[in-house]
Structures are given as C-alpha cells and as structure tokens.
Amino acid sequence: MSTPIDLTALKNRQMAAWASGDYPVIGTTLQIVGEQLAEACDLLCDEEVLDVAAGNGNATLAAARRGCLVTSTDYVAALLERGQDRTRAEHLEVTFQVADAEDLPFEDRSFDAVLSTFGVMFTPDQEKAATELGRVCRPGGRIGLANWTPEGFVGQMFKTLGQHMPPPAGAQPPSNWGREEWLRSQFDESDFLIQVTRRHFNFRYRSAAHFIETFRNWYGPVHKAFGALPPEGATLLEGDLTELLNSLNRAGENSMVVPSEYLEVVINRRL
C-alpha cells in the first residue's frame, strides 16, 4: 500500500520554490495572457474580482485597468509586494491579501469573477482548490483560468524537470488543469458552463542558452532544481532543456521563439 502524500510538506516545498529566484522577471512577460483572459471574461467596471495565486499580478492589473474592484491574493507575500509596486506605478486601487488558494478567506458567493493565470494550477490539493474557486464565485459570475497544457512547451519542461528531480510519489501534475476532461470532472455541468479555448504564448529569447540562464536565475522551480542537483546533474538538465527548446524554436538559428500551448478557460456559474 502506498504512503499517502504529505500535502502540507509539498505545499511548504512549493512555497520555498516560488519565493526563490525572482518570479516577476518571468511573470511580467506573460502580461498579455492576463489581458486576453480579462477580455474573455468580459469584465465590467465595478465588478468584484478575485485574483487567486496572483503572483506578480498580471490578471490583477488587467482587471483593475478595466475598472474592477480587485482583491489580489497569493500565499507568497513577496510576490504580492511586487504586484503592489506595479499597481502603484499605474495609480490603480487594488486590495492585496495573503491567502491560500486551497482555503480562501472569503464568504461563499463573494465575487463576480474569480481569475487565475498559471497560478492555481500549481496547488498540491487540486480538487480542494477547484472547489474553492467555485465556492467564492457568485451565481451568474465566472471563473477565468489560464493553464498550461501537458502537451505544450511548459508542460514538457516540467516533465523534463521531473525526470531529473522526481516529485513526491502521489503528487498530482499541475498540467491536470490543462486537460479539458479534468476540468469538467471538477466543475459539475449542472452548476457550471465551461468554455475552453486553446491559445499559445510565445517565449521570446535570444537563444536556448539565454532562456535557460534567465529561468535558472529567476524562475523558482527551475532555480531550485538546478540548485539541488550536483554539477553533473545540472549539466544533464541543461542539455535536455536545450534540446527541448531547440526542437520547438520557430525563429531559426539567430533567435528563439517557442510557442507554449495553454487553455484559456471561462467557467460560468449558472444562476
């Protein structure tokens, strides 16, 4: 019989990973995803919007730019501070609050829209997080998500990381959230109407080496993986990532553009 996974230990490990490096260096390049999600959810002025696992606040800013009343949450306080810096620079009014996506400190049916861009998908207890998103969304409201797919570049990158640094036995892959059938299993069709659009975000760097250097320094999961491996292991990981990037690069020899598929998900809560 397999030993049940310690979700608390896994969460603490993940928090340490996301707090390492400097995620906003990477996160700000993804701003267009937050803008597209805000449009897909048709956000309206004065709607109450919750950004879950907000990171540096891409969906937060997109909603605030559209006149929404935004609460931005994450379980890593340092990431919220970077989001605050961005909102101050644009003179936007946003409420920031440290909160766990698996245990949101809000009443049932509190928000007109609940958003998460590449955030909630990394929660250890995925079913609990999905339940929380639905719980705090008002009838007639919507849940908007951007989730990397297993088949896309980021999904493949995490699979490569897992080959060098295996996750704990029993841990659920974040890419579950990038599978339409899994989403439908979490949000009952009698209560929710799910619309899914496949999109691509283009990672634009000078080369595979430039991408790896940037992610190795600043992107928590990659930063932690390289830091935990012995020198020979780090060299092997770098080689595998280079091979993956070069196989997907559509820009030729002099630059790097790697498309990464994600699901843009709009889940309407029925009245």
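**Exercise 1.** Find which residue of E2 stands opposite aspartate 51.

*Solution.* Next, look at the strands themselves (DSSP runs of E, at least two residues, numbered from the N terminus). Strand E1 (residues 48–51) runs parallel to E2, and the two are paired over four bridges; pairing asks for at least two bridges found by DSSP. Buried means under 20% relative accessible area, exposed over 50%, and partly exposed in between (1.4 Å probe, protein chains only).

A note before you go on: this is a predicted model, where local features need pLDDT of at least 70, side-chain atom pairs count only at pLDDT 80 or more, and totals for chains, interfaces and linings use all residues. Residues are numbered from 1 along each chain as its sequence is written, and side-chain values use heavy atoms, with hydrogens and water left out.

**Exercise 2.** Decide whether lysine 11 is buried or exposed, and find its side-chain partner.

*Solution.* First, locate lysine 11 in helix H1; helices are DSSP runs of H or I with at least four residues. Its relative accessible area is 15%, so lysine 11 is buried. Now look for the partner: the side chain of lysine 11 makes a polar contact with the side chain of aspartate 100 at 2.5 Å. A polar contact is a pair of N or O atoms within 3.5 Å; within protein, one must be able to donate a hydrogen and the other to accept it, and residues adjacent in sequence count only if both atoms are side-chain atoms.
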